[in-house]
Amino acid sequence: MDSIDIVETAAALATAWSSRSVGNVGTARVNVLRMDGNPVREEAHGRDEILLVLDGRLELLVEGAEVTVGAGGMYRVPAGARHAVRPGSRGTLVILEESGV
């Protein structure tokens, strides 16, 4: 596998909050996306999700609690936890999630 510039890949995405898969680690899929400051509605997943902020800041509401993750920070959203992106989230986000394979 060749080296991938994650920040460049995210910046090239036509639409913010539209992720692109850049690879797999075991059964986990590695996605990258660009955050643009807009909120994203609440959702929940059947598996844990790891959120890694490469640059910028991610503002979350997880099960009613406000969570801020800065550049270089990581946050694990537990399986089944209701979470939403709050306004003001900007930068590059890497998401690791089990693919269910």
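The largest pocket holds about 270 Å³ of space. This is a predicted model. Rolling a probe the size of a water molecule over the atoms shows where empty space is left. The largest pocket has a lining of 19 residues. Nearest its centre lie Trp-17, Leu-33, Glu-43, Glu-49 and Ile-95.

Which strands build this lining? At least two residues each come from strand 2 (28–36), strand 3 (40–43), strand 4 (49–62), strand 7 (83–85) and strand 8 (90–98). Strand 4 gives the largest share, with four residues. By type, the lining has 10 nonpolar residues, five polar ones and four charged ones.

Trp-17 sits in the loop between helix 1 (6–11) and strand 1 (20–25). Its relative accessibility is 23%, so Trp-17 counts as partly exposed. Its backbone also stands out. Most residues other than glycine have a negative phi. Trp-17 is not a glycine, yet its phi is positive, about 65 degrees.

Glu-63 also has a positive phi, of about 50 degrees, without being a glycine. Glu-63 belongs to the loop between strand 4 and strand 5 (65–70). Is Glu-63 buried or exposed? Its relative accessible area is 53%, so Glu-63 is exposed.

Now turn to strand 8, where Thr-92 is found. Thr-92 has 5% relative accessibility and therefore counts as buried. What does Thr-92 touch? Leaving aside residues up to four places away in sequence, its contacts include Ile-6, Val-7 and Ala-10. Thr-92 also touches Val-32, Leu-33 and Met-35. Leu-52, Val-53, Leu-54 and Asp-55 are among its contacts too.

Strand 8 also carries Glu-97. The side chain of Glu-97 meets that of Arg-29 in a salt bridge, at 3.1 Å from N to O. This pair links distant parts of the chain, since Arg-29 lies in strand 2, 68 residues apart from Glu-97. The two partners can be set side by side. Glu-97 counts as buried at 17% relative accessibility. Arg-29 is partly exposed, with a relative accessible area of 28%.

In total, the structure holds six salt bridges. Some of them join into a network, which links Arg-57, Glu-59, Glu-66 and Arg-86.

Glu-59 is in strand 4. With a relative accessible area of 8%, Glu-59 is buried. Arg-57 forms a salt bridge with Glu-59, and their closest N and O atoms are 2.5 Å apart. Arg-57 itself is partly exposed, at a relative accessible area of 41%.

Arg-86 forms a salt bridge with Glu-59 as well, with the closest N and O atoms 2.4 Å apart. Why does this pair tie together separate parts of the sequence? Arg-86 lies in the loop between strand 7 and strand 8, while Glu-59 is in strand 4, so the pair ties together parts 27 residues apart in sequence. Both Arg-86 and Glu-59 are buried.

The surroundings of Glu-59 complete the picture. Its side chain makes a polar contact with the side chain of Thr-68, at 2.7 Å. Beyond residues up to four places away in sequence, Glu-59 touches Val-67 and Thr-68, among others. Its contacts also include Ala-84, Val-85, Arg-86, Pro-87, Gly-88 and Ser-89.

Technical notes
Residues numbered from 1 in each chain as written. Predicted model: local features only at pLDDT ≥ 70, side-chain atom pairs only at ≥ 80, totals over all residues. Heavy atoms only, no water. 1 Å grid on protein atoms, 1.4 Å probe; cavity = no way out; pocket = protein on both sides within 12 Å on 5 of 7 lines; lining within 4 Å. Points joined across faces, edges and corners; volume = space filled by probe spheres on them. Nonpolar A, V, L, I, M, F, W, Y, C, P; charged D, E, K, R; others polar. Buried < 20%, exposed > 50% of the residue type's maximum accessible area, 1.4 Å probe, protein only. Contact = heavy atoms within 4.5 Å. Polar contact = N/O pair within 3.5 Å; in protein donor to acceptor, adjacent residues only side chain to side chain. Salt bridge = Lys/Arg side-chain N within 4 Å of Asp/Glu carboxyl O.
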